[in-house]
Amino acid sequence: MSTHIRSLLILLVSTLGATSVDARASGRIIEGFKNPESILIDNGRRFVSNIGLSLDPVAHDGDGFISALDADGRIVNLHAFPPADAKLDAPKGMAVLDGRLYVADIDRIVGFDLLTGKQVLTATVPGNEPSLLNDVAAIDGKLIVSDTFRGTVYRVDPASGVFAAFADGIAGANGLVWDEKNARVLVVSVGAAFEGGDLYEIDATGSVRKLDAGPHGILDGIVLTDTGSIIVSDWRGLGPSTAGTLTLHEPDGKFIGTIHDDVEIFGPADFTLDTERREMWIPATVMNTVIIAPLPR
């Protein structure tokens with residue numbers, strides 16, 4: 001990632017962060033966040049990562065945090081993590097593995113014990129090239145994490161904190177999900193200069209293939225439904241008046257339809273599904289809200 005592109009990103013998100021947006025949507029709107037980026041549901045627990053006071057995803061400013069919510073969307077603890085003796089800068093994607101919550105925080109993975117709340121891991125990505133770790137998933141006792149700036153997906157050993165490159169060549173790698181049925185990792189991207197990216201799959205050997213039938217856009221979040229369909233979030237643009245979309249796709253990426261096109265969501269980031277309640281939990285980053293909307297049947 002060149003210095004020019006990094007500066008452009010900071011300028012664009014700073015403009016977005018200054019925007020005030022009013023939205024009316026079906027479902028519930030939860031307020032009180034600080035640039036929420038990712039939502040994780042794990043065994044009834046719900047976590048929302050907050051980039052912090054300003055929408056700067058690369059600022060080492062120590063004001064990021066993770067909130068805990070109940071099943072109805074009520075904020076149980078706005079600053080559940082980190083503990084008082086630790087700091088997060090701009091936390092994004094999260095995963096739970098063996099009773100620990102792991103989060104991507106610019107150039108490191110940070111882990112917290114869910115029982116004690118203590119920080120138990122700080123693993124920094126190697127190398128001097130600028131890094132923007134984005135999304136995290138747990139697979140077979142290991143973590144995989146996307147790096148937007150480097151266009152790489154890493155494997156991370158949570159015991160040692162060692163990073164190993166798993167796949168590369170995905171310009172602007174962003175959200176990812178493990179597709180167990182098809183033994184592949186699906187990754188969406190924003191493009192090398194945040195001008196638009198695509199949907200990719202990575203097989204067990206680390207081989208990358210673009211799904212030509214898939215979406216193209218400033219793609220952020222990705223989930224799989226219980227039927228194997230793919231849902232993707234797209235910011236559509238980094239301008240302050242551009243609302244994003246959520247779209248449904250076949251396993252090969254082919255477009256099926258737009259979801260909740262009656263809802264204006266500015267900055268739909270790393271969303272998730274509550275399959276028991278048949279709900280979508282969507283962080284509307286620019287709006288400082290979380291939108292809980294019915295999952296289409």
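**Strand pairing, cores and backbone features of the predicted model**

Methionine 94 has valine 103, in β7, as its bridge partner. Strands here are DSSP runs of E with at least two residues, and they are numbered from the N terminus. Two strands count as paired if DSSP finds at least two bridges between them. The model is predicted, so local features need pLDDT of at least 70 and side-chain atom pairs count only at pLDDT 80 or more, while totals for chains, interfaces and linings use all residues. Residues are numbered from 1 along each chain as its sequence is written, and side-chain values use heavy atoms, with hydrogens and water left out.

Confidence is given as pLDDT, the predictor's score for each residue from 0 to 100. The chain averages a pLDDT of 91, and 91% of the residues score at least 70. Two segments score under 50. Over residues 1-5, pLDDT stays under 50, and the model has nine contacts for them beyond four places in sequence. A contact means heavy atoms within 4.5 Å. Residues 11-25 also stay under 50, with 21 contacts beyond four places in sequence.

β6 and β7 pair in the antiparallel sense over four bridges. The two strands form a hairpin with two residues between them. Aspartate 98 lies in this loop, between β6 and β7 (100-105). Its phi is near 50°, a positive value in a residue other than glycine. Aspartate 98 counts as exposed, because its relative accessibility is 70%. The cut-offs, with a 1.4 Å probe and protein chains only, are under 20% relative accessible area for buried and over 50% for exposed, with partly exposed in between.

β7 also pairs with β8 (residues 108-113), in the antiparallel sense over six bridges. Within this pairing, alanine 104 has isoleucine 109 of β8 as its bridge partner. The hairpin of β7 and β8 has two residues between the strands, and isoleucine 106 takes a positive phi near 65° there. β7 is mostly covered, with five of its six residues buried.

Asparagine 35 lies between β1 (28-31) and β2 (36-42). Its phi is near 55°, a positive value in a residue other than glycine. Asparagine 35 counts as buried, because its relative accessibility is 5%. Proline 82 lies in the loop between β5 (75-81) and β6 (94-97). The peptide bond from phenylalanine 81 to proline 82 is cis, with omega near 5°.

Phenylalanine 81 also takes part in ring pairing. Ring pairs link Phe47, Phe81 and Phe112 into a cluster. Rings of Phe, Tyr and Trp (its six-membered ring) pair if their centres lie within 6.5 Å; planes under 30 degrees apart count as stacked, over 60 as edge-to-face and the rest as tilted. The structure holds three aromatic pairs.

A nonpolar core is a set of buried Ala, Val, Leu, Ile, Met, Phe, Trp, Tyr and Cys residues joined through side-chain atoms within 4.5 Å. The largest has 31 residues, of which Ile231, Leu246, Ile265, Phe271, Met280 and Ile291 touch the most other members. β23 (279-284) and β24 (289-294) each supply at least two residues of this core. β23 gives the most, with three residues. Leucine 246 touches Ile231, Val232, Ser233, Thr258, Ile259, Ile265, Phe271, Met280 and Ile282, leaving aside residues up to four places away in sequence. A second, separate core has 15 residues, including Leu97, Val136, Leu143 and Phe163.
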